Amino acid sequence: MAWQSPNGLVHAMHSIRRAAQLRPFLQRSVISASPISSPFTPTGLRQRMSARGFTTELQPVAAPEVDLAEFPVKPARIIPVSAAYFSGSPKFIDHLLRLEALLAKYASLPTVSPSDAPRMAWFKLLQFRDVVGEPVPTKKYKALLKLLQRLNRIDPTVAPEEVRSALGLFLRPGNPFGVKPAPATVDDKGRARGKGKRKASSAVVHLVEGEGEVLVNGKTLNEVFPRLHDRESAVWALRCTSRLDKYNVWATVQGGGVTGQAEAITLAVARALLVHEPALKPILRKAGVITVDARRVERKKPGHVKSRKMPTWVKR
Amino acid sequence: MVSSFCWSCLTRLPPAPRAILPPTLTAQRVAAFHTSTALFSSPVKKKKGDAPVAKFRQAKSAKMKKKKPVERTRPPAVGERKALKKRIVLSNPNALEIEGMQDLSAENMVDARLRGSILGLPVPMLDQLRAVQAFKPKQGWSIFRRPGTVVRRETLELGRLIDGISSEGENKGKVVRKIVTGVKGSGKTVHLLQAMSMAFTKNWVVITVPEAQDLVIANTAYAPLSDENPNVYVQNDATAALLSRTVTANQKVLSSLSVSQAHPALKSAVKPGMTLEALAKLGIQDPAAAWNVFQALWTELTATAPAPGFEKTFKPRPPVLVTMDNLAHWMKESKYNSINCTPIHAHDLVFVRHFLSLLKPNANKPTLPNGGLILYATSASNSPAVYGLTVALKQLAARQAGVNPSSPEYPQPDPYLNADKRVLAVFDASKSTAPKEGALELQTLSGITREEARGFMEYFARSGLLRETVTDAWVGEKWTLAGGGVIGELEKLGRRLRVIA
């Protein structure tokens, strides 16, 4: 305890004095939310301010009489602005309450499906923690995000400005979803280009309108893929949309093994086909040729025989 | 008291009495310098019921000795396995008979309306085709009721060619020589078979080498041709087999022709008025004379006029079809060794040399004066890599495309890859002055068209092998999956058993 040491006693006295000098300033700043700011300052304080630095001149002054009628408008102690001041993360809870209030206010507005709602780049958790400067738990932030998404689903044509500006506070700066690559188009010779990767293989496919001829690295399909399954999977995107006899495929594929090459071509053909006919996307997605399989071979680790395998246990 | 021994003669000390100890203890040995007493305990004996030392990293369970099964079945007899491997089944009674399937005949082999349909091979001809070994064991004839082939574009061209050579017209007596190449499963061997069947319908003489490899892998006997040219080798057994094939397949034609030339090499064996069948049989009976007989037969077949004295029985000779499969094996050194233990080049075998010489248009004398077709096919599955042949075929293709051999676009062999000069010389460009001698051509077989593929797949469906509705879309899909209609791949797709869930 600071009081027990003589040094601490001096320190305490100083702090009292400092607090006394700062009081009007504090009152102004902290209780700014209260309707009445006090221009009135007790005379005794002023005197003491002039007599700063001389502890011997400090004279006890009686506190002014407590006026209970004045109490509601001018509380006796400092009152924080936020009601959540003592919760540990007041700003976050303020945000949360504000959004909840907004939602309650506009809950009756029509909504659109999540896929039709404008795409928003909300703050990531770490960024949001930096912005509010409070330790926001993951779970609570998720709840906040849910609120944001619900508000974002309000039909954009009728969404009030209030909601829009409120949502704008939670967006990452720079509008990451605003920058989109130009949609691929068929070139002047009627070729659409698509790239695909699978395992260690990567394929580039040029798709032109034609009669169902397929050349992979300049060879026919059956020369490159002796296994029928691989041949079928290479042209699966065309097969499942019954476009096999309407396009010619010119594929270049490298790296990896036979299966990987075939499935890299699958993906590339599907992407090239989307350039020709973007409306086929739902069918192709159902056929499973748009989804990228990002799995790669897991690296080997020291102390392991392979990536996960441990050496055999040997007694001694 | 007197001591028990005499002090003066210690040497005579009587031996001390032995300690009365158990006999085992006396055997105990103690090191001389140890002062401590020996422990007269017996060494620890191993207990009987002691647990055995635990085994690690090996099977701990009790092992049961397995009894070796007694061999009851006998291995198949000698040659039985090979016979099974080489067996050719041309019919499947379980397959459905196809109504309205036409047989190959002289009329419909040039009929363009039949393109894409299946023409059956006439049943009497099957024996002839078997005799020339036109069918190969792995060709899948055994899944259909009776053998038949697709009429594709190349088949119709071939039909027109054979028809033109044998009938009166501008192409009569022409000699056409072709190398048939193409990817694996593109139907090269079946193309040869179609040529043979057409030649049989037109009553040609068909001479075939069904597998070129057999002549160069040291499976048949060989000997120097003669003392004059010891570096050329003759294969009598192989020649006798060739004569046998030719006689069996062309029996009708050869028996109607008779000897018209003098054959001094055969001396008195050849009688005047002898049929060519009998002449060829001389070589079969006596393989030592087979090569001479073959040469005599060849002279007879290429004769245009009788020698003096033979005018009475002379009949004009029919055109000749010569086919050979798996050309690349003849383009490298054979497995035979010369007397110096150096490998003999395939071109030094007189049999091979004869058939390869047919590829070159003869400058002064026509190769086949009565007309004919020379069809040599390459193989894509069993083919040794011969760089010289690759270049030669490229050059051939370039010449056919109209590239001048002196122009820079003409493919030249890489000087560092040592292309075989003899191989290049076989396919060399030289145009004959004779009007009926066609230059060597290259025919590359690729996939069949969609319409032809549809006919082919319908054949499977109508035979009951394929239980799917054959539509254009379905055929188009299979056509793509078969690498652009490669017929061998289409066959695999057609015969694939599909379980319909």
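Colleague: Which residues point one way from E3(B), and which the other way?

Modeller: Val175(B), Arg177(B), Ile179(B) and Thr181(B) point one way, while Val176(B), Lys178(B), Val180(B) and Gly182(B) point the other way. In a regular strand the side chains alternate between the two faces of the sheet. Before we go on: this is a predicted model, where local features need pLDDT of at least 70, side-chain atom pairs count only at pLDDT 80 or more, and totals for chains, interfaces and linings use all residues. Residues are numbered from 1 along each chain as its sequence is written, and chains are lettered from A and ligands numbered from 1 in the order in which they are written.

Colleague: What makes E3(B) mostly covered?

Modeller: Eight of its eight residues are buried. A residue is buried if 20 or more other C-beta atoms, placed from the backbone, lie within 10 Å of its own, exposed if 12 or fewer, and partly exposed in between.

Colleague: How do you know that E3(B) pairs with E10(B)?

Modeller: Strands (DSSP runs of at least two residues; helices need at least four) are numbered from the N terminus. Two of them pair if DSSP finds at least two bridges between them. E3(B) and E10(B) have six bridges, in the parallel sense, and Lys178(B) has Leu375(B) as its bridge partner.

Colleague: What is the strand order of the open sheet, and why is one side of E4 and E11 left without a neighbour?

Modeller: The order is E4-E7-E10-E3-E11 in chain B, five strands with parallel pairing. E4 (205–209) and E11 (437–445) of chain B stand at the edges with a single partner strand each, so one side of each has no neighbour in the sheet.

Colleague: Why is H13(B) called roughly perpendicular to H14(B)?

Modeller: The axes of H13 (residues 450–462) and H14 (residues 472–481) of chain B come within 9 Å and cross at roughly 105 degrees. Axes are lines fitted to C-alpha atoms, for helices over the stretch in contact, and angles run from 0 to 180 degrees between N-to-C directions. Under 35 degrees counts as roughly parallel, over 145 as roughly antiparallel, 65 to 115 as roughly perpendicular and the rest as oblique. That makes H13(B) roughly perpendicular to H14(B).

Colleague: Which residues of H13(B) meet H14(B)?

Modeller: Arg450(B), Ala453(B), Arg454(B) and Met457(B) do, and among their counterparts in H14(B) are Asp472(B) and Trp479(B). Contact asks for C-beta atoms, placed from the backbone, within 7 Å.

Note on methods. Two residues are in contact if their C-beta atoms, placed from the backbone, lie within 7 Å.
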